Amino acid sequence: MDNTNASIEVIAAGHLCIDLLPLMDQLPLNVLAKPGKLYETGAMGVSTGGSVSNTGLALHRLGVNVRLMSLVGEDAIGRMVIEFLDRRDPSLTQYVSTLSEYPSSYTIVLAPERVDRIFFALSGDKCSFWG
């Protein structure tokens with residue numbers, strides 16, 4: 001979809017991060033609290049996350065001419081976020097800026113067998129649109 005010359009209908013602004021989701025639905029929760037133990041997992045899922053990505057990409061899939069507005073760090077995670085979004089549509093990241101002094105936000109999402117997800121996150125409050 002090429003909306004570069006159309007008027008922007010929506011700007012999704014706020015938190016933008018990368019989500020790392022190791023496949024681990026075969027691991028029961030009760031075995032995960034043993035220090036020094038190696039656990040085999042499946043493939044790592046990688047996706048952008050946060051309200052900017054979740055809302056903005058949903059609107060984009062529905063055909064809305066949307067732009068994302070947020071901050072990411074000038075680091076590997078920030079580059080991953082921008083590259084992921086640019087592959088969808090380079091116009092999406094027109095208002096995504098980088099900051100060299102703060103790290104990008106990320107979330108590691110653990111989803112062991114038959115339990116709700118567990119989140120480990122660097123929220124990036126210094127590297128957020130409102131921070």
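Which residue in β6 is the bridge partner of Ile 18? In β6, that partner is Tyr 106. The structure is a predicted model, in which local features need pLDDT of at least 70, side-chain atom pairs count only at pLDDT 80 or more, and totals for chains, interfaces and linings use all residues. Residues are numbered from 1 along each chain as its sequence is written, and side-chain values use heavy atoms, with hydrogens and water left out.

**Overall architecture**

- The chain contains 2 helices and 7 strands; helices (H or I, at least four residues) and strands (E, at least two) are DSSP runs, numbered from the N terminus.
- Read from the N terminus, the order of elements is β-β-β-α-β-α-β-β-β.
- Along the principal axes, the C-alpha atoms fill a box of roughly 55 × 35 × 20 Å.
- Of the 131 residues, 36% count as buried; buried means under 20% relative accessible area, exposed over 50%, and partly exposed in between, with a 1.4 Å probe and protein chains only.
- The chain exposes about 7,700 Å², and carbon and sulfur atoms supply 56% of this area. Accessible areas come from the Shrake-Rupley method with a 1.4 Å probe, and for residues only the protein chains shown count as cover.
- Among contacts between residues at least 6 apart in sequence, 74% join residues at least 24 apart; contact means heavy atoms within 4.5 Å.

**Strand pairing**

- Strands β2 (residues 17-22) and β3 (residues 44-49) run antiparallel and are joined by 6 bridges; two strands pair if DSSP finds at least two bridges between them.
- Within β3, Gly 45 is the bridge partner of Leu 21.
- Strand β2 is also joined to β6 (residues 106-110), by 3 bridges, and these two strands run parallel.
- Strand β4 runs parallel to β1, with 4 bridges between them, and Val 10 stands opposite Val 66 in β4.
- Strand β4 also runs parallel to β5 (residues 95-99), to which 5 bridges join it; Val 96 in β5 is the bridge partner of Ser 70.
- Because 7 of its 8 residues are buried, β4 is largely enclosed by the rest of the structure.

**Nonpolar core**

- The largest nonpolar core has 14 residues, of which Leu 16, Leu 68, Val 81 and Leu 85 touch the most other members. The elements α1 (50-61), β4 (66-73) and α2 (76-88) each supply at least two residues of this core.
- A nonpolar core is a set of buried Ala, Val, Leu, Ile, Met, Phe, Trp, Tyr and Cys residues joined through side-chain atoms within 4.5 Å.
- Not counting residues up to four places away in sequence, Leu 16 touches Gly 49, Val 52, Ser 53, Ser 70, Val 72, Val 81, Leu 85, Val 96 and Ser 105.

**Salt bridges**

- The whole structure holds 2 salt bridges; a salt bridge is a side-chain nitrogen of Lys or Arg within 4 Å of a carboxyl oxygen of Asp or Glu.
- One links Glu 83 to Arg 87, with the closest N and O atoms 3.4 Å apart. Both residues lie in helix α2, 4 residues apart, about one turn of the helix.
- Glu 83 is partly exposed, at a relative accessible area of 47%, and Arg 87 is exposed, at 59%.
- Glu 113 forms a salt bridge with Arg 114, the closest N and O atoms being 3.3 Å apart. Glu 113 is partly exposed, with a relative accessible area of 23%, whereas Arg 114 is exposed, with 73%.

- Ile 8, Ile 11 and Tyr 95 form a nonpolar surface patch with about 230 Å² of accessible area together.
- Patches are made of residues with over 30% relative accessible area and no salt bridge; like charges are joined within 9 Å and nonpolar side chains (Val, Leu, Ile, Met, Phe, Trp, Tyr) within 5 Å.
- Ile 11 belongs to strand β1 (residues 10-13) and is partly exposed, with a relative accessible area of 43%.
- Leu 23 lies in the loop between β2 and β3 and is partly exposed, with a relative accessible area of 45%.
- Leaving aside neighbours within four places in sequence, Leu 23 is in contact with Thr 41, Gly 42 and Ala 43.
- The C-alpha atoms of Leu 23 and Pro 112 are separated by 8.4 Å, although these residues are 89 residues apart along the chain.
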